Amino acid sequence: MNPLVQLAAEGKENPLVPPIPELVIGLIAFVIVFGFLYKKLIPNINKVLEERREAIEGGIEKAEAAQTEAQSVLEQYKAQLAEARHEAARLRQEAQEQGAALIAEMRAEGQRQRDEIIAAGHAQIEADRKAAAHTLRQDVGRLATDLAGKLVGESLQDHARQSRVIDRFLDDLEDKADAPSKAEAAR
């Protein structure tokens, strides 16, 4: 048999039920400890818990206020950002319009300057052509006079006579030069 069972069967005392004097002393000690805890420790614990609860609730309220403020600041920033983007788009559009106008203006100015340069070039060419024709007419006239004087055998130094001979000679040359172009035009 088991030694515990033997011990239980021999003795009158039940090991599960404590003796009465121990029970009374334990109950008095429990009441003293409970009273001490109730009077001293529990109020301090409740005070600390209440302070923590208030701190947490205050922190939550502060966090909610900060979140509300942050949300309003975020909305302001979004509005400012949208406004800045709109302003940037407007400025970009204005710059493109000004650039296009400037390019058109520069093209018109360039065209005007080109036309002026071409007109000045044509005028210079015409002036050079007239000067060359005049010089050529004088040189040809002098050569023709000298040649005619040698052919005729008399001097053609008289200016009026020389002018008439030169003009007649050049007119004949021009008529001969125009005759082939008229014949080609008639074909």
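Accessible areas come from the Shrake-Rupley method with a 1.4 Å probe, and for residues only the protein chains shown count as cover.

## Model and confidence

This is a predicted model, in which local features need pLDDT of at least 70 and side-chain atom pairs count only at pLDDT 80 or more, while totals for chains, interfaces and linings use all residues. Residues are numbered from 1 along each chain as its sequence is written, and side-chain values use heavy atoms, with hydrogens and water left out.

The mean pLDDT (the predictor's confidence in each residue, from 0 to 100) is 83 for the protein chain, and 82% of its residues reach 70 or more. Confidence is highest in helix 2 (residues 20-152), with a mean of 90, and lowest in helix 1 (residues 3-10), with a mean of 57. Where pLDDT is low, the predicted coordinates should not be read in detail.

## Fold and burial

The protein chain has three helices and zero strands, in the order α-α-α from the N terminus. Helices (H or I, at least four residues) and strands (E, at least two) are DSSP runs, numbered from the N terminus.

Of the 187 residues in the protein chain, 5% are buried. Buried means under 20% relative accessible area, exposed over 50%, and partly exposed in between (1.4 Å probe, protein chains only).

## Salt bridges

A salt bridge is a side-chain nitrogen of Lys or Arg within 4 Å of a carboxyl oxygen of Asp or Glu. The count by this rule is eight.

One of them joins Arg90 and Glu94 at 2.3 Å, N to O. These two residues are four apart in helix 2, which means a separation of about one helical turn. Arg90 is partly exposed at 35% relative accessibility, and Glu94 is partly exposed at 32%.

Arg112 pairs with Glu109 at 2.2 Å and with Glu116 at 2.3 Å. In helix 2, Glu109 is three residues from Arg112 and Glu116 is four residues from Arg112. Relative accessibility is 38% for Arg112, 31% for Glu109 and 44% for Glu116. Shared partners also join Glu50, Arg53 and Glu57 into one salt-bridge network.

## Negative patch

Asp171, Asp172, Glu174, Asp175 and Asp178 form a negative surface patch. Patches are made of residues with over 30% relative accessible area and no salt bridge, with like charges joined within 9 Å and nonpolar side chains (Val, Leu, Ile, Met, Phe, Trp, Tyr) within 5 Å. Asp172 lies in helix 3 (residues 159-186) and is partly exposed, with a relative accessible area of 41%.

Terms used: Lys, Arg positive; Asp, Glu negative; His and termini not counted. Charge placed at Lys NZ, Arg CZ, Asp CG, Glu CD.
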